[in-house]
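This briefing concerns the salt bridges of the structure shown below.

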Amino acid sequence: MADVSLTVNGKAVRVDVDPRTPLLWVLREQLGLTGTKYGCGIAQCGACTVSLDGDAVRACVTPVSRAADRRVVTVEGLSSDRSHPVQRAWLEEQVPQCGYCQSGQIMATCVLLTKVRRPTDEQIDQALAGNLCRCGTYHRIRKAVHRAAELTEEGGGPR
């Protein structure tokens with residue numbers, strides 16, 4: 001066990017865990033942030049995507065030691081009232097179906113929009129290629145990413 005310090009959703013936290021523990025389990029089990037989902041456990045589906053210092057990472061295979069002294073943002077950290085532009089766009093475009101992949105899709109979108117202000121369809125497809133949706137809502141996801149870019153440009157909230 002080791003004392004690991006990290007910043008999660010803007011809040012400094014310390015956890016006493018094996019440094020090899022996947023970040024996903026620290027978020028869910030130690031910190032109670034269950035918005036990040038366990039999908040495949042081998043970084044193939046993207047359900048566990050979080051932002052680590054502005055990069056999209058798969059929390060299921062990221063050891064918590066990699067997140068030490070870094071900034072982690074989960075879907076809970078975007079807003080408390082669904083006012084974040086990506087969350088608003090997701091609701092406007094009625095993206096969720098079963099919803100299981102949505103937090104990973106949303107976090108991957110947030111990372112994309114911090115790097116590319118107005119992504120093309122191709123850029124969206126490339127950025128979200130590792131996030132699988134078993135319901136096949138990819139068309140609505142792409143529409144929501146475009147809408148989120150518009151909302152962000154209109155000053156619809158933080159990125």
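**Salt bridges in the predicted model**

The side chains of E154 and R147 form a salt bridge, with an N to O distance of 3.9 Å. The model is a predicted one, and 12 salt bridges are present in the structure.

- E154 is exposed, because its relative accessible area of 58% lies over the 50% cut-off.

**The pair D3 and R14**
- D3 is in a salt bridge with R14, and their closest N and O atoms are 2.3 Å apart.
- D3 belongs to strand β1 (residues 2-8) and R14 to strand β2 (residues 11-17), so this pair ties together parts that are 11 residues apart in sequence.
- D3 counts as partly exposed, at 45% relative accessibility.
- R14 is exposed, with a relative accessible area of 60%.

**The pair E153 and R118**
- Between E153 and R118 there is a salt bridge whose closest N and O atoms are 3.3 Å apart.
- E153 lies in helix α5 (residues 138-153), while R118 lies in the loop between α3 (102-115) and α4 (121-127); the pair therefore ties together parts that are 35 residues apart in sequence.
- E153 is partly exposed, its relative accessible area being 37%.
- R118 likewise counts as partly exposed, at 44% relative accessibility.

Key
Residues numbered from 1 in each chain as written. Predicted model: local features only at pLDDT ≥ 70, side-chain atom pairs only at ≥ 80, totals over all residues. Heavy atoms only, no water. Salt bridge = Lys/Arg side-chain N within 4 Å of Asp/Glu carboxyl O. Helix = DSSP H or I, 4+ residues; strand = E, 2+ residues; numbered from the N terminus. Buried < 20%, exposed > 50% of the residue type's maximum accessible area, 1.4 Å probe, protein only.
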